[in-house]
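Reader: I am new to reading protein models. Can you take me through some features, one at a time?

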Amino acid sequence: MDHVVIYTDGACKGNPGPGGWGVYLKAGAHEKELWGGERVTTNNRMELTAVIQALMALKRPCRVSLYLDSEYVRKGITEWIHGWKKKGWVTAAKQPVKNAELWQQLDSLVHGGVHQIEWHWVKGHAGDPGNERADALANRGVPG
């Protein structure tokens, strides 16, 4: 199984406002950059979209080391999602889960069993080269 290192990030100019997502993938000597954005979105939606786009870009099952600066995404997919699914996509406060359609898409990519994913939180804007690159790509994706 190939090992891929992925850095993802989201950016938003206003929240809500125009936003972008960025992905930096590295597998051995191969590197790939992806980015995109939406005219009206939120930072959390862009963080989720970055991870979804990164996993959708993988062409075969991989061992993934995924680095992100969003505790919302990391904790959401590794901890909170199990309760949301049991409760029919409702939070502990009896509110609908925000961004449920993105969480459901990410859930199918992550828990579908195709990839072995290790989740790593990194502090944003703290000089980590992969995170800085993903951040620059996310900003590139913000519509002008």
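Reader: Is E71 buried, partly exposed or exposed, and what is its relative accessible area?
Author: Start with the scale. Buried means under 20% relative accessible area, exposed means over 50%, and partly exposed lies in between (1.4 Å probe, protein chains only). E71 has a relative accessible area of 30%, so E71 is partly exposed. Keep in mind that this is a predicted model: local features need pLDDT of at least 70, side-chain atom pairs count only at pLDDT 80 or more, and totals for chains, interfaces and linings use all residues. Residues are numbered from 1 along each chain as its sequence is written, and side-chain values use heavy atoms, with hydrogens and water left out.

Reader: Which residue does E71 meet in a salt bridge?
Author: First the rule. A salt bridge is a side-chain nitrogen of Lys or Arg within 4 Å of a carboxyl oxygen of Asp or Glu. Here the partner is R74, at 2.7 Å from N to O. Helices are DSSP runs of H or I with at least four residues, strands are runs of E with at least two, and both are numbered from the N terminus. R74 and E71 are 3 residues apart in helix α2 (residues 71–86), so about one helical turn separates them.

Reader: How many salt bridges are there by this rule?
Author: The count comes to 6. One of them joins R133 and E31, at 3.1 Å from N to O. R133 sits in helix α4 (residues 129–141) and E31 in strand β3 (residues 30–41), so the pair ties together parts that are 102 residues apart in sequence. R133 is partly exposed at 29% relative accessible area. E31 is partly exposed too, at 46%. E31 and R133 also belong to a network of salt bridges with E33.

Reader: Which residue forms a salt bridge with K85?
Author: D107 does, and the closest N and O atoms are 2.9 Å apart. This pair links distant parts of the chain: D107 is in helix α3 and K85 in helix α2, 22 residues apart. D107 is buried, with a relative accessible area of 11%. K85 is partly exposed at 38%.

Reader: What else lies in helix α2?
Author: H82 does. H82 is partly exposed, at 37% relative accessibility. Contact means heavy atoms within 4.5 Å. Leaving out residues up to four places away in sequence, H82 touches I77 and H111. Between H82 and D135 there are 53 residues in sequence and 29 Å in space, C-alpha to C-alpha.

Reader: Is T41 buried or exposed?
Author: T41, in strand β3, is buried at 3% relative accessibility. Apart from neighbours within four places in sequence, T41 is in contact with C12, N15, P16, G17, P18, G19 and M46.

Reader: At what angle do the axes of helix α1 and helix α3 cross?
Author: Axes are lines fitted to C-alpha atoms, for helices over the stretch in contact, and angles run from 0 to 180 degrees between N-to-C directions. The axes of α1 (residues 43–56) and α3 (residues 100–110) come within 10 Å and cross at roughly 30°. Angles under 35 degrees count as roughly parallel, over 145 as roughly antiparallel, 65 to 115 as roughly perpendicular, and the rest as oblique. That makes α1 roughly parallel to α3.

Reader: Which residues in α1 and α3 meet?
Author: R45, L48, T49, V51, I52, L55 and M56 in α1 meet E101, L102, W103, Q105, L106, L109 and V110 in α3.
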